Amino acid sequence: MTAKFDLYPSLHTHVAIDTSLFGWILPQTPMVFSTFRDPVDRLLSSFHYGIQFGGGPPGLVRKCKLPGVQDLDDWQNRVISAREIAALKDLTLYQQALREYLDYCKNAVDNAYVQFLDPKTKDVDVALTHLNKYVIVGMQTDLDESMERWTKVALWTCRYHPKAAMIGKALTDPANLDSHFRESTSLADGTGNELASPTIDELDLDLQELIRTLTAGDQLIFQRAEELFEEQGNWFKLKQSGDNHTAESDVSSNK
């Protein structure tokens, strides 16, 4: 049976690496593309957006209930209001909402990178092994470079696919390249009011301690991800240099 590929997948949440699926539902050695950011910034962003899912094996991913609201829209409106007030230097409502979120949705943000890299045991050493072995790393601080690398990898690995031309067009057509994802990262509701984004150092000491505990393993993952981003960047440069050298040799041999 010929596999069918959806060239325009719709992703609504994160996907954890479950190695028990390799060689069965997934390829034996799949390539995993993932972007990383500072873990504390990621946790606070998850709070702003109301992320409800953590990492887990298929069928065992738990979803938390956002506190004090009926749905995600209500939650984001609550956070927007708290951030508007926080912009006036009053963090009371912001910190109250954050405490409630970390109480109700702790599983969604407790060392999330570790969860996604090792959803079964949530062991930081196993997570680091999976990061080194499977992940082509991107950085949210350099999305343009990250997307360029991933596009090159996808085009190369799909070059013999029966729909390679369609895949290439989907990945390189300027009409598809702009940033739906960048646009979706804006939480502003159009009111024009300033939304504060308090740093961890502006929060009460108990919240600072809790957040650092919930990101301790992720800090190790992020440190290695930054190193991999540089290492893999060197690989791309070497490969491109080798491709250019090969092309020059081909031109010379044809003279």
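Lys 152 is partly exposed, with a relative accessible area of 37%, where partly exposed covers the range between buried (under 20%) and exposed (over 50%), found with a 1.4 Å probe on protein chains only. Its side chain meets that of Glu 148 in a salt bridge of 3.5 Å, N to O, a term for a side-chain nitrogen of Lys or Arg within 4 Å of a carboxyl oxygen of Asp or Glu. Because Lys 152 and Glu 148 lie four residues apart in helix α7, about one helical turn separates them.

This is a predicted model, in which local features need pLDDT of at least 70 and side-chain atom pairs count only at pLDDT 80 or more, while totals for chains, interfaces and linings use all residues. Residues are numbered from 1 along each chain as its sequence is written, and side-chain values use heavy atoms, leaving out hydrogens and water.

A search of the whole structure finds nine salt bridges. One of them joins Lys 120 to Asp 18, with the closest N and O atoms 3.9 Å apart, and this pair links distant parts of the chain, 102 residues apart. Lys 120 is exposed, at 53% relative accessible area, whereas Asp 18 is buried, at 6%.

Terms used
Helix = DSSP H or I, 4+ residues; strand = E, 2+ residues; numbered from the N terminus.
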